[in-house]
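Subject: Structure for you to look at

Hi,

Here is the structure I promised to pass on. Please open it and keep it beside this email while you read.

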Amino acid sequence: MTTMNTSQSVSRTSCLIRHSVLAVAAVFGLAASQAAMAAWPDDKPIRVVVPFPPGSSPDILARTITEPLAEALNQAIVIENRAGAGGNIGTRQVAQADPDGYSLLYTINGPLVTAPILYKNTLGYDPLKDLAPISLIATSPNVLIANKELGTPDLASFVAKVKADPDKYNYGSVGPGSASHLAMEMFTNDADLDLAHIPYSGFPNVINAILAGDIQASFMVPAIAMSQVKAGKIDALAISNLTPVDTLPGIPALAENGFPGFEAISWNAMLAPAGTDPEILNRVSSEITRIMQDPAVVEKFKSVYFNPVGSDPEELTELIEREQSTWNPVIEKLNISLE
């Protein structure tokens, strides 16, 4: 009879455990691979439509996550830029695509939230009926900025100055119905301020107008505003967020400074055509949530003032519905139509 000492027994047990773990890992790896093959059986890439030009913020951020997503799904992914009509053209294309898992959409909130009422009769899709949410990718507040010469380095002094001289000051936006326009209209309504609206063709023009003193304020995306703030050329008064964010340290949230509940954020999300297999939606959602925790991805998003999120489809659906209920009354009150 062979006698086994204690160390040999432990060694053999460890070996068996190690082999068991490897076997289980192999099974799960095979299962994941088979799941991917079942979800995308054809030998063709997944198309991610970005309804904005190459080099735009949505395009850059979409490319940041599609590379690790392709690796996770073991599936080729190609970016397709379909710009036009504020993102509506590319969004409509995905809304009308086959729900086979090979067409996805990476977009901002405009085509999903404000477009349905701004283009009530010509949009060609209903975000809540024709698209299937996958994941909220990231969020970013807008920054309320003011002309340096106005002498209002904080929110309270700005409000007091404008109230003291009604009809004297202007604000700029990137056009009627834009996020910068709607956010300022909501703010001036809540603060009981009288500021005239002057639309411009883009944020660089708005910045130049503030620097020249042609307008006194604007809500603006931080990626454009913060370089001028850091250079000391304009004042950052507040952010349109419920709470302060670490990407914009030292800038208070409007909601915590006299405007409770005020929120006017920008966000990115991924969706698919309605009718896409829920297993595909959940698989992509779970992979995106994992990717959005990767330090390199986090750093990339935060470098352009976006806070990584990652969510399940239900959370994104709730966000779209909540945002529509917030902004539709504002648009109706202003009687804006872009048709």
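Is Ile-265 buried or exposed? Ile-265 counts as buried, at 10% relative accessibility. Buried means under 20% relative accessible area, exposed means over 50%, and partly exposed is in between, using a 1.4 Å probe and protein chains only.

Before the rest, two notes on the source. This is a predicted model, so local features need pLDDT of at least 70 and side-chain atom pairs count only at pLDDT 80 or more, while totals for chains, interfaces and linings use all residues. Residues are numbered from 1 along each chain as its sequence is written, and side-chain values use heavy atoms, with hydrogens and water left out.

The whole chain

The chain has 13 helices and 11 strands. Helices (H or I, at least four residues) and strands (E, at least two) are DSSP runs, numbered from the N terminus. Of the 339 residues, 48% count as buried. Residues 24 or more positions apart account for 77% of them. Contact means heavy atoms within 4.5 Å.

Ile-265 sits in strand S10. Leaving out residues up to four places away in sequence, Ile-265 touches Asn-109, Thr-139, Ser-140, Pro-141, Asn-142, Ser-240, Asn-241 and Glu-323. Look at Asn-241 in particular. Ile-265 and Asn-241 are 24 residues apart in sequence, and their C-alpha atoms are 6.6 Å apart in space.

Val-245 is in the loop between strand S9 (234–239) and strand S10 (265–273). Val-245 is buried too, with a relative accessible area of 12%. Beyond its neighbours within four places in sequence, Val-245 is in contact with Pro-141, Ile-239 and Asn-307. Pro-141 is 104 residues from Val-245 along the chain, yet their C-alpha atoms are separated by 8.4 Å. Pro-141 is also one of the residues that Ile-265 touches.

Gln-228 lies in helix H10 (residues 222–230). Gln-228 counts as buried, at 18% relative accessibility. Its contacts, not counting residues up to four places away, are Ile-207, Leu-211, Lys-233 and Ile-234.

Helix H8 and its partner H13

Two packed helices are described by the angle between their axes and the distance between the axes. Now find helix H8 (residues 179–191) and helix H13 (residues 313–334). Their axes come within 10 Å and cross at roughly 85 degrees. That makes H8 roughly perpendicular to H13. The axes are lines fitted to C-alpha atoms, over the stretch in contact for helices, and angles run from 0 to 180 degrees between N-to-C directions. Angles under 35 degrees count as roughly parallel, over 145 as roughly antiparallel, 65 to 115 as roughly perpendicular and the rest as oblique.

Which residues meet? From H8 they are His-181, Leu-182, Ala-183, Glu-185, Met-186 and Asn-189. From H13 they are Thr-326, Trp-327, Val-330, Ile-331, Lys-333 and Leu-334. By class, this contact of H8 with H13 has seven nonpolar, three polar and two charged residues. Here Ala, Val, Leu, Ile, Met, Phe, Trp, Tyr, Cys and Pro count as nonpolar, Asp, Glu, Lys and Arg as charged, and the others, Gly among them, as polar.

H8 is largely enclosed by the rest of the structure, because 10 of its 13 residues are buried. Among them are Ser-180, Phe-187 and Ala-191. H8 reaches 18 Å from its first C-alpha to its last, close to the 18 Å expected at 1.5 Å a residue. The expected span is 1.5 Å times one less than the number of residues.

Helix H2

H2 covers residues 57–73. Its 17 residues should span 24 Å, and its end C-alpha atoms are 24 Å apart, which agrees. There is a kink of about 25 degrees at Thr-66, shortly before the proline Pro-68. The bend at a residue is the angle between axes fitted to the seven residues ending there and the seven starting there. The buried residues of H2 include Leu-61, Ile-65, Thr-66 and Leu-69.

Positive phi

Check the backbone at these places:

- Tyr-305 has phi near 70 degrees, though it is not glycine. Tyr-305 is in the loop between helix H12 (295–303) and strand S11 (307–308), and is buried at 12% relative accessible area.
- Asn-335 has a positive phi of about 55 degrees and is not a glycine. Asn-335 is in the segment after H13, and is exposed, with a relative accessible area of 70%.

Best wishes
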